[in-house]
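Here is a short report on one protein model. Please keep the sequence and the 3D view at hand while reading.

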Amino acid sequence: GTWTVTGTVDGVDGMATLTVNPADAVSVTLDPAIETVTAGGTVTFTTTATDTYGNSWDATAAYTITPGAGGSWTDNVYTSAISGTWTVTGTVDGVDGAATLTVNHADAASVTLDPATETVTAGEAVTYTAVATDSYGNSWGATAAYTITPGAGGGWVDNVYTSAVSGMWTVTGTVDGVDGAATLTVNHADAASVTLDPAIETVTAGGTVTFTTTATDTYGNSWDATAAYTITPGAGGGWTDNVYTSAISGTWTVTGTVDGVDGMATLTVNPASAASVTLDPATETITAGETVTYTAVATDSYGNSWGATATYTITPGAGGGWTDNVYTSAVSGMWTVTGTVDGADGVATLTVNPGALDHFAFDPISNQTADQQFSVTITAQDEYSNTVTGYTGTVTLTDTTGTISPVATGNFASGAWTGNVTITQIQSNVTITAEDGSVSGSSNSFDVTEYKIYLPLVVRGG
């Protein structure tokens, strides 16, 4: 300081002025000694130096800060940068004074999320961490406000997201109004239900069906799935991936299995075209006039058999007639019945035996001469004109003149009778009738003329 020095002689004072300057500093203090600022903020430091005599003064110091703190000095004003707790040093006369400066990060200038890219299965959770960085490069684990693309479903508990809807979604974490983004891919979970398309189908044996499978998990995610396909045992056929080639006719259940979950479809297989046909009865014997009812069983090339509606025919000459599958017989003999389905023929053998005696039939008789023998052939027949074989009855012949001679009565053998008769009376339109009890038959009309002997004509000369 500046002081007055007084010297007194004989009561008389003499004065002098003495200025005393501080000695070199032996201690230095900084103000503020402890300070906290936000990155980018400034701090103005003042320094007090003290010498060994206790002299203190506002000193001009040389200021430094811990390396790595960044920022800059303008005289005693420090502009901060890097967050952290740093030591500020003010040096006077080679003596250091220290202060503690805490620099907090500024508002976020950018935000990054971890994980930046993630793939999960629906229902799984992802824990996000947000790292914010201010404009000074300070980074810190920040508490963000999290959202995800609308439609992703799921839910947040703080920074933990539990997924739901499958797809690729954007997760946003917001700090100080600044967004950071991450990509989240959510894959469907295991199938909870399975549907097959077509759900109901009908094919012809040998035809194919292509099935597609849609699986849905418990979160409602649906996708085209690759299923393991089976069909009811006994359906035969075969699979090539999702394509089924049918074989056995019937209604079958197709099962498509995804993640152990079954989806089902109903497949009806109809028989293919007939490859062979069988008729029932295959062999039958009836009496003329009786009927036979046929059933046709068709079989396709896959072994499927069914009661089929056939088109029926019988060997030409068998006569009779058809009403659908019922044949009414007529002509005796052994005949082939054919039932046709889809162009395939099935055959059966039908033997038609003659019926009961109904009438006698004459072979045609030509005009005759009276009193001359001529042959007459008569056949015993049923109502369908079949020869009644084995008939051995007795026949009596009469004619319209009543003059058959000798008496024409004889026995049939094997259904036919052949004998000679004579008609003595001359007459036109003669008819012979054969009778055996109530059974009769008549010949055609013929004429019986006079028997004439022509003698040679002799002419004599005179």
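With a relative accessibility of 16%, T403 counts as buried, because buried means under 20% relative accessible area. The model is a predicted one. T403 sits in the loop between β46 (394–399) and β47 (404–405).

The side chain of T403 has a polar partner in the side chain of T401, at 2.5 Å. Neighbours within four places in sequence aside, T403 is in contact with T422, I423, T424 and Q425. Q372 lies in the loop between β44 (368–369) and β45 (373–381). Its relative accessible area is 32%, so Q372 is partly exposed.

## The chain as a whole

The protein chain has 53 strands and 0 helices. Its C-alpha atoms fill a box of roughly 255 × 50 × 25 Å along the principal axes. The radius of gyration is 66 Å, whereas a compact globule of 462 residues would have one near 23 Å.

Of the 462 residues in the protein chain, 37% are buried. The accessible surface comes to about 24100 Å². Carbon and sulfur atoms account for 49% of that surface. Contacts were also sorted by sequence separation. Among those between residues at least 6 apart in sequence, 53% join residues at least 24 apart.

## S163, a buried serine

Is S163 buried or exposed? S163 has a relative accessible area of 2%, so it is buried. Its place is the loop between β20 (160–162) and β21 (167–175).

Two backbone oxygens lie by the side chain of S163. The backbone oxygen of E124 is reached at 2.8 Å. The backbone oxygen of T121 lies 3.3 Å from a polar atom of the S163 side chain. T121 and E124 also belong to the residues that S163 touches, once those up to four places away in sequence are left out.

## A nonpolar surface patch

Which residues make the nonpolar surface patch of about 360 Å²? They are W3, V5, L18 and V20. V20 lies in the loop between β2 (12–19) and β3 (25–31). V20 has a relative accessibility of 38%, so it counts as partly exposed.

## Two cis peptide bonds

D31 and P32 are joined by a cis peptide bond, with omega about 0 degrees. P32 is placed in the loop between β3 and β4 (34–38).

A cis peptide bond also runs from D197 to P198. Here omega is near 5 degrees. P198 is found in the loop between β23 (193–197) and β24 (200–204).

D259 is not a glycine, yet its phi is positive, at about 55 degrees. The residue lies in the loop between β31 (250–258) and β32 (261–270). Relative accessibility is 45% for D259, so this residue counts as partly exposed.

N429 is not a glycine either, and it has a positive phi of about 55 degrees. Where does N429 lie? N429 belongs to strand β50, residues 427–430. At 55% relative accessibility, N429 counts as exposed, because exposed means over 50%.

T226 is in the loop between β27 (222–225) and β28 (228–231). With 74% relative accessibility, T226 counts as exposed.

How many residues apart in sequence are T226 and V439? The separation is 213 residues. In space, the two C-alpha atoms are 85 Å apart.

Definitions and conventions: Residues numbered from 1 in each chain as written. Predicted model: local features only at pLDDT ≥ 70, side-chain atom pairs only at ≥ 80, totals over all residues. Heavy atoms only, no water. Helix = DSSP H or I, 4+ residues; strand = E, 2+ residues; numbered from the N terminus. Buried < 20%, exposed > 50% of the residue type's maximum accessible area, 1.4 Å probe, protein only. Polar contact = N/O pair within 3.5 Å; in protein donor to acceptor, adjacent residues only side chain to side chain. Contact = heavy atoms within 4.5 Å. Patch = residues over 30% accessible without salt bridge, like charges linked within 9 Å, V, L, I, M, F, W, Y side chains within 5 Å. Areas by Shrake-Rupley, 256 points an atom, 1.4 Å probe, with all protein chains shown as cover. Salt bridge = Lys/Arg side-chain N within 4 Å of Asp/Glu carboxyl O. Rg over C-alpha atoms; globule rule 2.2 N^0.38 Å.
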